[in-house]
Amino acid sequence: MARALAGKIVLITGASSGIGRAAALAFAAAGARVVAVARDREKLDALAAPSHDAIVSLPCDVTDAAAMEALARTVLERFGAPDVVIANAGRGVDAPFVETSDDAYRALFDLNVLGAVRTIRPFLPAMIARGSGRVLLVSSIVGKRGIPNYAAYGASKFALHGILDALRPELSGTGVSAGIVCPSSTDTEFDARKLRAGTPQRNVRVQRHSAESVARALVRMASGTRRELILTLEGKLMVVVDRVAPRLMDWILARTLVKRSR
């Protein structure tokens with residue numbers, strides 16, 4: 001696996017913390033040259049400094065369309081078309097549906113959905129012209145089945161699956177492939193950064209994993225052509241139960257995750 005990535009150019013957004021930071025380190029350890037993208041210049045520089053040029057810091061905000069276009073031009077001029085592009089930058093909202101504002105939806109879709117589009121779209125023509133490349137999106141298990149308090153976040157992650165479903169046939173025969181990774185609850189700064197409103201969701205997660213385990217999954221996905229990877233047994237069971245008995249899944253989620261006033 002490390003041999004397959006040696007010398008490859010891997011671009012990762014949201015690389016200053018959490019899954020993105022862990023992924024940058026994992027790809028660098030596998031011999032890739034990583035282009036690390038995030039808003040926080042100080043954190044990016046701290047990530048890149050000890051890497052002896054294996055990690056290149058390029059600060060940028062994925063919600064800024066013009067800045068992302070300029071970033072793509074810089075990357076293409078300096079490195080050529082990346083071999084792997086990973087759209088990871090994102091944020092969550094923990095709020096009941098009726099207390100989630102239009103502004104929260106707009107902000108979340110601008111970051112989680114349009115941010116991903118702005119990350120991968122500028123590089124596809126050059127990757128297709130070269131005849132090789134891999135695009136990866138970081139979704140969530142709630143992009144497979146919505147859960148209470150995460151209507152907005154889940155909708156943004158469902159959108160990523162829809163985008164890839166449309167993109168894969170368009171890429172057929174080009175040598176460029178696309179995949180998506182679906183973590184469940186991950187021990188990162190993500191929870192602390194979530195926007196919150198109203199009654200919080202119950203915290204009854206059965207299985208949590210580390211940012212490093214998600215990073216290892218991204219390395220595996222980057223080295224192959226797998227379409228989708230659900231990371232936890234909890235997530236896989238939820239998808240299966242929802243497929244065969246959706247009313248049962250509704251009942252389970254209502255009983256385990258919904259807080260009701262007494």
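In this predicted model, His-52 counts as exposed because its relative accessibility is 77%, where over 50% is the cut-off for that class. His-52 lies in the loop between α3 (41-48) and β3 (55-59). Although His-52 is not a glycine, its phi is positive, at about 55°. Asp-53 belongs to the loop between α3 and β3 as well, and this residue, again not a glycine, has a positive phi of about 75°. With a relative accessibility of 52%, Asp-53 therefore also counts as exposed.

Among the buried positions of α9 are Ser-213, Ala-217 and Met-221, together with Ala-211, Val-214 and Leu-218.

A partner of α9 is helix α2, which spans residues 18-29. The axes of α2 and α9 come within 8 Å and cross at roughly 55°, so α2 is oblique to α9. The crossing of α2 past α9 is right-handed. On the α2 side, the contact is made by Gly-18, Ile-19, Ala-22, Ala-23, Ala-26 and Phe-27. The α9 side contributes Ala-211, Glu-212, Val-214, Ala-215, Leu-218, Val-219 and Ala-222. Sorted by class, the residues in this contact are 11 nonpolar, 1 polar and 1 charged. Several of the α9 residues in the contact, including Ala-215, Val-219 and Ala-222, are also buried.

Key:
Residues numbered from 1 in each chain as written. Predicted model: local features only at pLDDT ≥ 70, side-chain atom pairs only at ≥ 80, totals over all residues. Heavy atoms only, no water. Buried < 20%, exposed > 50% of the residue type's maximum accessible area, 1.4 Å probe, protein only. Helix = DSSP H or I, 4+ residues; strand = E, 2+ residues; numbered from the N terminus. Axes fitted to C-alpha atoms, helices over the stretch in contact; angles between N-to-C directions. Parallel < 35°, antiparallel > 145°, perpendicular 65-115°, else oblique. Left-handed = near helix turned anticlockwise from the far one by under 90°. Contact = heavy atoms within 4.5 Å. Nonpolar A, V, L, I, M, F, W, Y, C, P; charged D, E, K, R; others polar.
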